[in-house]
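Trainee: I've just opened this one and would like to go through it with you, chain by chain. Could you start with whatever I need for reading the burial numbers?

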Amino acid sequence: MSEEKKEKTQLLAVNDLTVEYSARRGKIRAVENASFTLDRGETLGIVGESGSGKSTLGMSLIRLVPYPGKIMKGNIILEEQRILKLKDEQMRDLRGRKISYIFQDPMTSLNPVEKIKDHFIELIQTHEPKVTKAQALKRAQQLFKDVGIQPERISDYPHQLSGGMRQRVMIALALALNPSVVIADEPTTALDVVVQAKILDLLGTLQERYGMALILITHDLSIVLERSDKIVVMYAGRIVEQARSTALYKSTQHPYSQGLLKSIPNIELADQKLEAIGGTPPDLLNPPHGCRFWPRCPFVMPECLVEEPSLYETGENHLVRCYLYKGEGNE
Amino acid sequence: MKLEKIIWSDVTFTKGKEMSSDEILRTEHLKKYFPVEKGFLERLLTSTKRFVKAVDDVSFSISKGEVFTLVGESGCGKSTTGRLVVRLIQPTSGKVFFGQENITDMKKKEFRIYRRKLQIIFQDPYASLNPRMRIGRAVGHPLEIHGLAKGVEERQRVNEILQRVGLTPPEQFTNLYPYQISGGQRQRVAMARSLILDPEFIVADEPVSMIDVSLRTTIIDLMLDLRRDLDLTYLFITHDLAIAKYISDRIAIMYLGKIVEIGEKHEVFSNPLHPYTQALMSAIPVPNPERKRTAIELKGEVPSAINIPRGCRFNPRCPYAEERCKVEPELTAVKPGHFVACYRTEN
Amino acid sequence: MGKADTKKSMLSAILPGLGSLAKRGLAGWLIIVGLIFVTAIIMITVISPWIRPYDPIKINVGPPLIGPSAQHPFGTNDLGQDIFSRVLSGGGIMLQVSLLSVIVCLAVGVPLGLFASYAGGVVDRLVGLVMDSIYAFPGLVLAIAIAAMLGRGVVNMALSIAVVYIPSYFRVIRSQVLSIKEMSYIEAANAVGAKNRTILTRYILPNIMPSIVVVATVNFADAILTAAGLTFIGLGVSVSVPDWGWDLTNGRALLASGTWWVITFPGIMIILLALGFTLIGEGLSELFNPRLEQ
């Protein structure tokens, strides 16, 4: 693919992103030196457990990191715009229109005293002031059809809808302005498995129809292996492995990713022997010196305690942050 | 092959010879209805009472030493059932038998001794420990409550049990407060607390769903080891079919307050018969990017437990709904030990 | 053993150590400043018999109604009493009254709040109704009414303030108990067979301590101002004891003739004392419910 063509299909590029929280007790580096790209129509899965920094990473992509968090360095390029340099009003204009976010909890993300249709009308008219109420309503109804809710429900209040429906409303709102990138933060917790599958299928269909890119942030490795094109594995604020899903599945390289894969029950396997990762989740106030994973790593070597490894390239677009792969090239 | 048609209710009541002799817990037609609070106007205008039928006629039997799992989505009544079994809440109707004793209506004093034998572990490791009680006190407290041990003896037992759940050296933990240890460690403390009274039966309500994925197996494996070492029986409650598959001996699938399928784990997983079970299984994500999955589409969503559909409660969403589904089916045996509540399995 | 735990948790809730207080940012500093005010005033009151230049109730120790001067740094009042000595000694009544009212509130309000809200149902409703009706009254008016009925004196003042304040304790405790009641650790306590009494004292009470402490400190502040108010309208203590409240009353009458020092200095002391407690309360509240916590 020529450089030019690659530029055209690349929607999002993140370079060396670092986000820090200044709490009373100290500083927490929630995300450190994160870099990845996202192309048109692609699905990226960001997977990690508690303390991994995945939610913070997601929120920094729309510049909504909650206080006292701050983006310390790095850049985020969305459709060739450096969004970290934008003024607040410019960023507000982009949110919803070019990049949108589906929050984790559909219960609390909708305004309980506003009818659903008002949510849409407000959203559309804020970004496109020339659109009339009637036109906005029509668009909303079309979106409802897309996400599979009966159009009449648009006049309901949020509490009148079930959890699954609210989540679908959130998706519809996220798509209302036809953004190029949609970020879904744990879109499947608080929903039952059947509805979960429906929602994820829906996101896939809409992706195909509208050509948007999707970022799935979740702790559930099964979901990202099943549904994303490429995966970023995070641990204690760092990206520890990054690869296309098929590559990651066939060749899971970082000891953490391996541990994670071995610890999730696979319903298709007959008597499975599961293994947990020893130790406890990282303390972000006092992270281990050197590689953050070394206290729990079955392959720890002396150099791991000295300095953090960089990302080494071990295959096409396959990066691993581990000294085990040092010889194979450098980032 | 002629399938023997065993009606579950017959089995429970008549001869009792189907009940195995090492049955440790049994529930018969358990029901729990929660009255719905009416708004002011409603109270003035109507006199009808509405109920959330959280548990609506649930019967099962658990044998000594087995891991019996209740699986279902949120709102299906599994957690309520767990609490009914340990009498944290009282059933609206139905009975619970422990050993051969009917413990449903026992007076508080009489039941106290059963509190030692029936224990429960909760889902949220952050909420199940008293934030103002040190770990050592919290784990030893049950001993004090039942007058079983004090002082040095209590401390010894506490240390013993902390070691058993993998918190070693125990002295390192006894003086800490819950906020000073991790979620996984807290869950172990909760287990220690329920084990210190030497129980025979433990209800585990979603014990790992709030714990990091990579650590869940440690807790589950610990539970299995403890079963072997301490002769325990578990009623395991979860919404995660994959975990259910890993840990159970027998499983029961619940939907809207009723059990729709029940049987040996291997049997149910390899041969799911109820359409709901089938849909559930097809919807679970599999960590394999090369697998082409076809999930069974279910119409609509789980209805509210206040307005339970007439007839088979699953029929509004069932891809195979027919006329006869207007009458609620009973759990019938399709194979010895495998029961399904669905007319399709009758041929 | 339970009591030791409760005491320990009280201590760990109230005294994290001044050093670490300073490290706690704004909240810590509020508490430190508040504590400085309060302890300073208490100490001054306590050692006043030894440091005051004149006997505060002796009349005509100097010419009446002279302004602040070398002999009388805060001036003298119409009876020739030295204001400075009166300021040093006058806090005693206020401190006693507020302390007593807080003690009564704790002794009555805490158990009432605990039992009623844990029991729930009709009991909770009834007690709540009574509490709400008391709460609905403007505090000072109610205190005046009760003090008028009971008569003068430190104890009566304390009682009238306590009655007015108990509903606040009740409300705070009730909301805390209601949310804690649903927590799994209460269920767990029930599951191991703990009696209700044990649950209230070992499981619920230690967890609501922080809120009680905060209410108590605000109670102190409010009591001081109310005590001043009661004395102001003549329902306080008798003239034989030096009291800032009394000086306020007296000073107000003199204000018209340009004598500003009789009311001002005691007034400032009252404000400082009330402010001190308020700062402690605010600081504690910020400490226990930090808004900056993730």
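Mentor: A residue counts as buried if 20 or more other C-beta atoms lie within 10 Å of its own, with C-beta atoms placed from the backbone. Please also keep in mind that this is a predicted model.

Trainee: What about contacts in chain C, what share join residues at least 24 apart?

Mentor: If you take the contacts in chain C between residues at least 6 apart in sequence, 69% of them join residues at least 24 apart.

Trainee: Let me pick helix 11 of chain C. Which of its residues are buried?

Mentor: The buried residues in helix 11 of chain C are C:Trp244, C:Gly245, C:Trp246, C:Asp247, C:Leu248, C:Asn250 and C:Gly251. These buried residues pack against helix 4 (83–89), helix 5 (91–119), helix 10 (196–232) and helix 12 (261–288) of chain C.

Trainee: What span should helix 11 have?

Mentor: Helix 11 of chain C covers residues 244–255, and because each residue counts for 1.5 Å, its 12 residues should span 16 Å, which agrees with the 16 Å between its end C-alpha atoms.

Trainee: Switching to chain B, how many helices and strands there?

Mentor: Chain B has 12 helices and 12 strands, and 48% of its 347 residues are buried. For contacts in chain B between residues at least 6 apart in sequence, 67% join residues at least 24 apart.

Trainee: What radius of gyration does chain B have?

Mentor: Chain B has a radius of gyration of 22 Å, which agrees with the value near 20 Å that a compact globule of 347 residues would have. Along the principal axes, the C-alpha atoms of chain B fill a box of roughly 70 × 60 × 50 Å.

Trainee: Last topic: how many residues does the contact take from chain B and from chain A?

Mentor: The contact between them takes 30 residues from chain B and 36 residues from chain A. On the side of chain B that touches chain A, the elements giving two or more residues are helix 9 (213–230), helix 10 (241–247) and helix 12 (275–283) of chain B.

Trainee: Which of them gives the most?

Mentor: Helix 9 of chain B gives the most to that side, with 6 residues. By residue type, the side of chain B that touches chain A divides into 17 nonpolar, 7 polar and 6 charged residues.

Note on methods:
Residues numbered from 1 in each chain as written. Chains lettered and ligands numbered in written order. Predicted model: local features only at pLDDT ≥ 70, side-chain atom pairs only at ≥ 80, totals over all residues. Contact = placed C-beta atoms within 7 Å. Helix = DSSP H or I, 4+ residues; strand = E, 2+ residues; numbered from the N terminus. Nonpolar A, V, L, I, M, F, W, Y, C, P; charged D, E, K, R; others polar. Expected span 1.5 Å × (residues − 1). Buried ≥ 20, exposed ≤ 12 C-beta atoms within 10 Å, placed from the backbone. Rg over C-alpha atoms; globule rule 2.2 N^0.38 Å.
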